[in-house]
Amino acid sequence: MKKFLLFIPVFLLSLTPAKAWIQRDTIGGGPRSAASGFCIGTAAYVTLGLDSNSYKRSMWMYNPATDIWTQMESFGGPTGQGLDRDVAMSFAIGNKAYVVGGQGSNPFYDDTWEYDAVTNAWSQKQVFAGGGRRAGVGFSANGKGYVGMGQSATGLRNDMWEYSPTTNTWLARANFPGTARRLVSCFVISNKAYIGTGDDGVFKADMFEFDPALNTWIAKAAFAGTPRYGTVSFTMYNKGYVGLGYDNTLQNTDDIWEYNPITNAWIFKDIFPGSKRANATAVATPNNKCYIGLG
């Protein structure tokens, strides 16, 4: 079972297009790698992950207005002992977030959990129909959630599944057209997901656009940085951003690149001011700021 080491607990604020970085309050709960992050309302949430000793399930909420972290209900709720894990897939819809799979005491979880930010409570939902896996991709579009790819007990995957929160059901969608892989980049612009990079045994830089409404994939311009996996990826100002990660020079990186869906082109954007790292966490908020840290 692969574990990721981490030592840097800083959380940083990026402003675009001015490219201003401001160091913010250190996350509660200590450093961790391969955590899950999501945005609900104007707040950023971080849960799960792995520190140098153990898997985690604690969850913390960051308030950008006050620069304060508040501990929330741990993943799985009061009876969730033993559900600690990392490299899970997650997405948010409205006031709720969903966390799927990951690795912990079970190397390939297949459970689905819903977090209600209004009640600060977790509840278990329909088991993920794609089977147990870790290090896949999760995102939301058009009021539905999507989970796919990653690594299962039988190997790397290239499938994609759609979750409906209204019916609590999973539906198979068109497979990712690239090679099966893990630890990919993903950002969503205008309800279309852009997925690429990752690890299929080789470092990858290709990129594909998924339109959930049409259930179709289109190849897009390859990521302009070095091929890599374990990146951060997010959306601001209707542009996509991919950076950090572990690349084909066998080094952690600190560069960040911007993708314009109108021109289908990448440009170098900035250098992350913290240390070079992989398996960090990024959460973009509605005010077009992104919080990047951990790893």
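Tutor: Strands here are DSSP runs of E with at least two residues, and helices are runs of H or I with at least four; both are numbered from the N terminus. This is a predicted model, in which local features need pLDDT of at least 70 and side-chain atom pairs count only at pLDDT 80 or more, while totals for chains, interfaces and linings use all residues. Residues are numbered from 1 along each chain as its sequence is written, and side-chain values use heavy atoms, with hydrogens and water left out.

Student: Which strands each supply at least two residues of the lining of the largest pocket?

Tutor: They are strand 3 (36-40), strand 8 (89-93), strand 12 (137-141), strand 18 (185-189), strand 23 (232-236) and strand 28 (281-285). A pocket is found on a 1 Å grid over the protein atoms alone, as an open set of points where a 1.4 Å probe fits, with protein on both sides within 12 Å along at least five of seven lines; lining residues have an atom within 4 Å of a point.

Student: How many residues line it, and which lie nearest its centre?

Tutor: The lining of the largest pocket has 43 residues, and Gly37, Gly138, Cys186, Ser233 and Ala282 lie nearest the centre. The space in this pocket is about 1,200 Å³, where a volume is the space filled by probe spheres set on grid points that are joined across faces, edges and corners.

Student: What is the lining like by class?

Tutor: It has 26 nonpolar and 17 polar residues, and no charged ones. Ala, Val, Leu, Ile, Met, Phe, Trp, Tyr, Cys and Pro count as nonpolar, Asp, Glu, Lys and Arg as charged, and the others, including Gly, as polar.

Student: Changing topic, how many salt bridges are there?

Tutor: The count is 16, a salt bridge being a side-chain nitrogen of Lys or Arg within 4 Å of a carboxyl oxygen of Asp or Glu. One of them joins Lys96 and Glu114, whose closest N and O atoms are 3.7 Å apart. That pair links distant parts of the chain, with Lys96 in strand 9 (residues 96-104) and Glu114 in strand 10, 18 residues apart. Lys96 and Glu114 also belong to a network of salt bridges with Lys125.

Student: Is Glu114 buried or exposed?

Tutor: Glu114 is buried because its relative accessible area is 9%. Buried means under 20%, exposed over 50%, and partly exposed in between (1.4 Å probe, protein chains only). Lys96, at 30%, is therefore partly exposed.

Student: What about Arg133 and Asp159?

Tutor: They form a salt bridge, with the closest N and O atoms 2.6 Å apart. Arg133 is in the loop between strand 11 (121-125) and strand 12, and Asp159 is in the loop between strand 15 (155-156) and strand 16 (160-164), 26 residues away. Arg133 and Asp159 are both buried.

Student: Where is Asn264?

Tutor: Asn264 is in the loop between strand 26 (255-260) and strand 27 (265-271). Its phi is near 55°, a positive value in a residue other than glycine. Asn288, in the loop between strand 28 and strand 29 (289-293), also has a positive phi, about 60°.
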